[in-house]
There are 2 protein chains.
Amino acid sequence: MSDQSALSRVRVVLVQPSHPGNIGAAARAMKTMGLASLYLVRPKSFPDTEAYTRASGATDVLDRVVITDTLGEALIGVTTAAALTSRRRELSLPVQWSRDAAHTLGQHVLANEQVALVFGNETFGLSNEDLALCQLPVMIPANPDYASLNLGAAVQLMCYEMRLATTDIGLAPAMSTAMATVDEVEQLMQHIERATTATGFFDPSNPKRLMPRLRRMFSRIALERDEVNILRGMISFFERPLAHRRAGTIEAEARADSSES
Amino acid sequence: MSDQSALSRVRVVLVQPSHPGNIGAAARAMKTMGLASLYLVRPKSFPDTEAYTRASGATDVLDRVVITDTLGEALIGVTTAAALTSRRRELSLPVQWSRDAAHTLGQHVLANEQVALVFGNETFGLSNEDLALCQLPVMIPANPDYASLNLGAAVQLMCYEMRLATTDIGLAPAMSTAMATVDEVEQLMQHIERATTATGFFDPSNPKRLMPRLRRMFSRIALERDEVNILRGMISFFERPLAHRRAGTIEAEARADSSES
């Protein structure tokens, strides 16, 4: 699942796109997901400045576009062509949802095959003849009352699914924060109990559910070490006689911290 | 996982969107995935004809837009706000990938809470102050060399993930074709063996791997009943003496079909 060149074996084929802006949007969508191979079958207008404007930083994808007269030519060398379709048809092949289709295509890609994602015209979709050249009809599970995805948006979704199906995206960026240990949280709990007993808010002879409730809350938030120190510093200042509180300075806080830890 | 109203508890919040076209694209993307609640914080221009043009059939989403002065106002009533971010920052919260975040948000939605997907300005993203109001930083696992998703495309991806995380999409549309049974395929195999023995192509005394290879092929394609009938009809015609072949008409084919089945 970590073959970096896998996505280079996925080509996007737009059949008879009407709006050059959509070609640019498709190029941008492809590049954001690591795809680069774009084929256009009988585009209405290409090259076109509108395509280049909408491509933003993905004009290199447009520079390498392959234009063909037929879908068959655009699929030369491909083992599995997935046809995006938004409506039920008289198909002789079972349809797969986008996520399952990406998994299926991903298996072919990881087996070193070339695959294609084929998108029809914005208005009339794919012809039955073109659909017959594709091995895998695919539907995006859209709102049945309004399934009209923009062409660029459909390309974006499928490229995203292909990226997830073939690339090891690793863990999401993590913060390098130190978690508090169980004993540090326990010391915080004891500090709270001591301080709230002193104020009279907590009555050890009639404890009710206060400490369990606080313990549950602290468990849930997965305290960091710095957070435990901040809370204990705050409590230390609450513990001081009122007259002393206004004397609080950075030095005073530092003393409170060191005296408690 | 089949709560149809779950998506009504997901609001999309665009903070300071610069391009009205992107507001329209976001509305369209939302509606295709069944979302309807759009908030705009200090939009540069709204209402705007460009937004309505790009929204296509989703202008009803624009008609119900809520405009606020601050992100805080747009998040009133929300328990979990997810902030889409495209770069690492000095965050105090762990980041989740889009798919995992949709799962997390989906749990809140299914527990009857309101959640928000928050998207920043096209150029400068979200301010640190706005980010601080969000509980869940989210990243789309884009190409690290070009992670510049169009705003509408990012909204499309997250709404798609939310739909998959909260809605029972059911099975993909299936064809009502009758599969061939094992015995029907077995009769086809026997028919092929008989016919190819007659032509001399197959030698039963030296069978090699022909029949196992054909059996493997037929297993893989999961033959339908109609397909078995077509193949047997074809073979029946091959079996006839050459002189009779030209007599083939629709009636002849029908006879062949009925005599074999």
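I began with β5 of chain A, which pairs with strand β7 (residues 136-139) in the parallel sense over two bridges. Strands here are DSSP runs of E, at least two residues, and helices are runs of H or I, at least four, numbered from the N terminus. Two strands pair if DSSP finds at least two bridges between them. I looked up one bridge: A:Trp97 has A:Met139 in β7(A) as its partner.

A note on the source: this is a predicted model, where local features need pLDDT of at least 70, side-chain atom pairs count only at pLDDT 80 or more, and totals for chains, interfaces and linings use all residues. Residues are numbered from 1 along each chain as its sequence is written, and chains are lettered from A, ligands numbered from 1, in the order in which they are written.

Next I traced the sheet of chain A. It is open, with seven parallel strands in the order β3-β2-β1-β6-β4-β7-β5. β3 (66-68) and β5 (96-97) of chain A are the edge strands, each pairing on one side only.

I then turned to chain B. Its open sheet of seven strands runs β3-β2-β1-β6-β4-β7-β5, with parallel pairing. Within it, β1 (residues 10-15) and β6 (residues 114-119) of chain B pair over five bridges. B:Val13 is bridged to B:Val118 in β6(B).

Last, I checked where the chains meet. 39 residues of chain B are in contact (C-beta atoms, placed from the backbone, within 7 Å) with 39 residues of chain A. On the side of chain B that touches chain A, α1 (20-32), β5 (96-97) and α7 (151-166) of chain B each supply at least two residues. Which element gives the largest share? I found α7(B), with seven residues.

Notes: Two residues are in contact if their C-beta atoms, placed from the backbone, lie within 7 Å.
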